[in-house]
Amino acid sequence: MNPMPINPVNRVLRRTGRTARAVGALAVFAVTAAGVSAAGVTAAQAAAAFPNTVVPVPVSEVASGATYTLTSATTVSSDVTGIGDYLAGILRTSTGYPITETTGTGSGSIALELTGAPTTVGAEGYVLTSTATGVVIQANQAAGLFHGVQTLLQLMPPAVMSPSVAAGPWTVPGGTITDYPRFEHRGAMLDVARHFFTVAQVERYIDEIALYKIDYLHLHLTDDQGWRIAINSWPNLATVGGSTEVGGGAGGYYTQADYSAIVAYAQTRYVTIVPEIDSPGHTNAALASYASLNCNGVAPALYTGTNVGFSSLCVPLALTYTFFDQVVGEIAALTPGPYIHIGGDEASSTTASDYATFEGKAQNIVASHGKTVVGWHNISTTALLPSTVLQFWDTTTSNSSVAAAAASGSKVIMSPANHAYLDMKYNRKIKLGQTWAGLIDVDTAYGWDPGNYLTGVGESSVAGVEAPLWTETILTSADIDYMAFPRLPAIAELGWSPWSTHNQTTFTQRLGAQGPRWKDMGVNYYQSTQVTWPPGS
């Protein structure tokens, strides 16, 4: 598969913000005449609200009424060279201005500074201040600067994301935005096992999710239909297990150098890779690669269909744990992030006793390699390590074993399939996708509260949100775009913005503002009828 062209402006890690707004439910900053003096701003400042264009909506916006306009003399200075280079590159491409970039604090018209931000914005937050003479973004850590850059770009005309020189003027509304995330984990998942996607295609998706302050990419690397990463101690996993995919295509796999390249690229966008080795079910590709991993010593045929629940590692076999330990060890050594996902869903061919045995051993193996376990919520029926993180994917709003685990201190990533699964159809007319979890348009993707969704799992037990994209029907980057956008930004806002800002009407307005940007970037998004898309979308 050939990747779609990657627009250089996509290369950004945007961790979207939230806006605590003074009037009503999530409107742009405005106050009544009676409230102006109390707010400490003038009526003119209140009237000159920030545009309703930033997704996720920031925590706080206070408009000043000033405007900064970029010119050929505009410069960028940054305490983090890579972020300054990134921003200057985008601005040069679309404005045609030279936009020089220097390292250091405060010398540029647009200054990115690791000083001056309050501790309350944390590691990922920022303060953006725009005046008539320039823009300053302040953060405590580099990730915060990167998020602030994404907000800056969304405040500017959509053509700032153009891959070629476009017409200005290039304005930034004046005022101050203070922003930080609700949840630390704001993830997307890409299934590269059912259909294989190249390094370039994965990097393209990283570019896109980073625009909305997504900070984790969960790669579903193994399943019945394909094994997608080379393991030196078990080479057939890639060369045999990776040789096909759903529908019988050629499949493919990542060399360890390929995987390391993806990890490194994600780091430049402040995205952490979470590799998943699904087990003990969803393992036909591994079992087909080595007869010795099967209880009967016979390798099954490679599988190119879409059924689930028919495969299982041989739990009583000692070699199973040698295999799992060596696979996890090699992947852990290549993965700087804290997590390894061990799957654990749809293990219908594993007895309950064997399932509990395997999950106990698998968790300890991951921990022995210095990583924290993430598993689909099904593993909550077994004994969990205190650090193990659950990922909830069911369509119900109650699960007694997950609630019990949360009560014991386990954290939960919220991915309810009937809200967060990006492979569900928007409507029955759509050719791509599935319907088993329901139809998901923008209102359904946005219309739930991760911190108050699952009975017995309160906000303090929620690690964050994640939007999985399973790829049984997804073959190209254009397909990925179509299913992820506009729904992924909805999940991103739920993960970043405070629930107090949640409002369907104003969200769809902000979402519509992304349309012209996506068009300029070549994003093949679905034009939901629930959104009013402005001219140029």
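Does Cys314 count as buried or exposed, and at what relative accessibility? Cys314 counts as buried, because its relative accessibility is 5%; buried means under 20% relative accessible area, exposed over 50%, and partly exposed in between, with a 1.4 Å probe and protein chains only. The model is predicted: local features need pLDDT of at least 70, side-chain atom pairs count only at pLDDT 80 or more, and totals for chains, interfaces and linings use all residues. Residues are numbered from 1 along each chain as its sequence is written, and side-chain values use heavy atoms, with hydrogens and water left out.

**The disulfide**

- The count comes to one disulfide, where a disulfide is a pair of cysteine sulfur atoms within 2.5 Å.
- This disulfide joins Cys295 to Cys314, with an S to S distance of 1.9 Å.
- The torsion about the S-S bond is about 105°, so the disulfide is right-handed.
- Cys295 and Cys314 both lie in the loop between helix H8 (284–289) and helix H9 (318–334), so the pair ties together parts that are 19 residues apart in sequence.
- Cys295 counts as exposed, because its relative accessibility is 59%.

- Helices (H or I, at least four residues) and strands (E, at least two) are DSSP runs, numbered from the N terminus.
- Seven of the seven residues of strand S8 (residues 185–191) are buried, so S8 is largely enclosed by the rest of the structure.
- His185, Gly187, Met189 and Asp191 point one way from S8, while Arg186, Ala188 and Leu190 point the other way.
- S8 pairs with strand S17 (residues 462–469) in the parallel sense over six bridges; two strands pair if DSSP finds at least two bridges between them.
- Gly187 has Glu466 as its bridge partner in S17.
- S8 and strand S9 (residues 216–220) run parallel and are joined by five bridges.
- In S9, Leu219 stands opposite Leu190.
- From S8 the chain crosses through helix H5 (residues 199–210) to S9 in a right-handed β-α-β crossover; right-handed here means that, with the strands pointing away from the viewer, the path from the first strand over the helix to the second runs clockwise.

**Helices H9 and H10**

- H9 and helix H10 (residues 352–368) pack at an angle of about 35°, with their axes 10 Å apart; axes are lines fitted to C-alpha atoms, for helices over the stretch in contact, and angles run from 0 to 180 degrees between N-to-C directions.
- Residues in the contact (heavy atoms within 4.5 Å) include Tyr321 and Phe324 of H9 and Phe358 and Ile365 of H10.
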